[in-house]
Amino acid sequence: MLALPAIAPRVWVNYGGHPRGLQYLLYLHRDVTYLVLLLVFIHIVGLIVVDQTTIEYLKLSAPWSMLSATIAAVVLLVITISSLFRAELNVRYRAWHNWHIGMSIAAMALTTFHIVDAGFYLNSSIKKAVFVTLVAGPSLVSFGVSRWRGTSNLGAQQNQRQRVLRMPSARAGSLRLITLLGILWFVWMVCFAIPEAGSRGDRQANQCAARGCD
Amino acid sequence: MRLGSIAGVVVVVLATILYRPTMMRNAELLPVAFEHLDHVDQNCVQCHHNYVDDTGYDSCYSCHKHDLSVALKIEPMFHDFCRTCHIDKAALGDPSGPFRVCVECHNEGGRTSQNLKLQKG
């Protein structure tokens, strides 16, 4: 979903399309991202509401198939925030663009691994191979087109204008707040699985005694 | 800026990889509602492999949770072992155990083989 509009702007620019059409494609790319974020949020919260045990999958001790999905969601959030606040971050367009592509590829690869390795919906090698091809195909075409034909300089032009602007205090404050929340979230994820005091044997014995198993 | 960003990513990735095994070893076990009587048509050694290969002792957790050589694999080993069998049975249209919703196996109220033993005692 995200890769198809990402291909279009490059093709549009390279073949002399009107800038207004390019803007619409970029808006489409942005809006599809919001839709994906909403779906990811519903997926995570919905599963926890339906089945509270799935909160175990948000811990750092979760299996890689689930941890990859958590990391992918965080990366997707970073991509979105860094795009919305590109001017405030005061990063060169080229550097931002490279990070945007790199993080997008990482998010898609991690999400694909999550779907394939979780094994809930794809249980044969053929299905897995077809799925990976469907996901990787548009991404590779998009990446190939950008390398072969070069990318739009629209963002670079915008960046030149934005670089002269000073960071508005309210938006700068929001950015710092979001960054702080991100750091706190990572600390929470790490600390969440830190065991209680005592040896592991004691804890297992207490656990069993509380549940009356032995 | 560029070096700082790359260094930040490297630190987070390394911290995750290095710290994760410790967390996995220390993670608390979820309760499992395993009904032994529902599994008596299976060959005993399919689960109790230590009866024939002399690789373990006592309960499953004695090795699979506490032995460092297999403790980090407990999640995929147990889940693949139970779920694969349940999925195969469901695919054949036979009565099968749960394989999708976590709480169907991981719940406090379910009868476990150990609970049955206590009830009989």
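Q: How many salt bridges are there over all chains?
A: A salt bridge is a side-chain nitrogen of Lys or Arg within 4 Å of a carboxyl oxygen of Asp or Glu. By this rule there are two over all chains. The model is predicted: local features need pLDDT of at least 70, side-chain atom pairs count only at pLDDT 80 or more, and totals for chains, interfaces and linings use all residues. Residues are numbered from 1 along each chain as its sequence is written, chains are lettered from A and ligands numbered from 1 in the order in which they are written, and side-chain values use heavy atoms, with hydrogens and water left out.

Q: Which side chain meets Arg30(A) in a salt bridge?
A: The partner is the side chain of Asp31(A), at 3.3 Å from N to O. Accessibility is read in classes: buried means under 20% relative accessible area, exposed over 50%, and partly exposed in between (1.4 Å probe, protein chains only). Asp31(A) is partly exposed because its relative accessible area is 38%, and Arg30(A), at 37%, is therefore partly exposed as well. Arg30(A) belongs to helix α2 (residues 19-50) of chain A; helices (H or I, at least four residues) and strands (E, at least two) are DSSP runs, numbered from the N terminus.

Q: With which residue does Lys59(A) form a salt bridge?
A: Lys59(A) is joined to Glu56(A), and the closest N and O atoms are 3.2 Å apart. Lys59(A) has a relative accessible area of 16%, so it is buried, whereas Glu56(A), at 25%, counts as partly exposed.

Q: How many aromatic pairs does the structure hold, and how is such a pair described?
A: A pair of aromatic rings is described by the distance of the centres and the angle of the planes. Rings of Phe, Tyr and Trp (its six-membered ring) pair if their centres lie within 6.5 Å; planes under 30 degrees apart count as stacked, over 60 as edge-to-face and the rest as tilted. The structure holds one such pair over all chains. In it, the ring centres of Tyr93(A) and Trp96(A) are 5.8 Å apart and the planes stand at 35 degrees, so the pair is tilted. The two residues are three apart in helix α5 of chain A, which means a separation of about one helical turn. Both Tyr93(A) and Trp96(A) are buried.

Q: Which charged end sits over the ring of Trp96(A)?
A: A charge sits over a ring if NZ of Lys or CZ of Arg is within 6 Å of the ring centre and within 35 degrees of the ring normal. The charged end of Arg86(A) takes this place over Trp96(A), 4.8 Å from the ring centre.

Q: What does the side chain of Thr80(A) reach?
A: It reaches the backbone oxygen of Leu76(A) at 2.8 Å. Thr80(A) lies in helix α3 (residues 64-84) of chain A and counts as buried because its relative accessibility is 8%.

Q: Where does Leu18(B) lie, and is it buried or exposed?
A: Leu18(B) is part of helix α1 of chain B. Its relative accessibility is 64%, so Leu18(B) counts as exposed.

Technical notes: A polar contact is a pair of N or O atoms within 3.5 Å; within protein, one must be able to donate a hydrogen and the other to accept it, and residues adjacent in sequence count only if both atoms are side-chain atoms.
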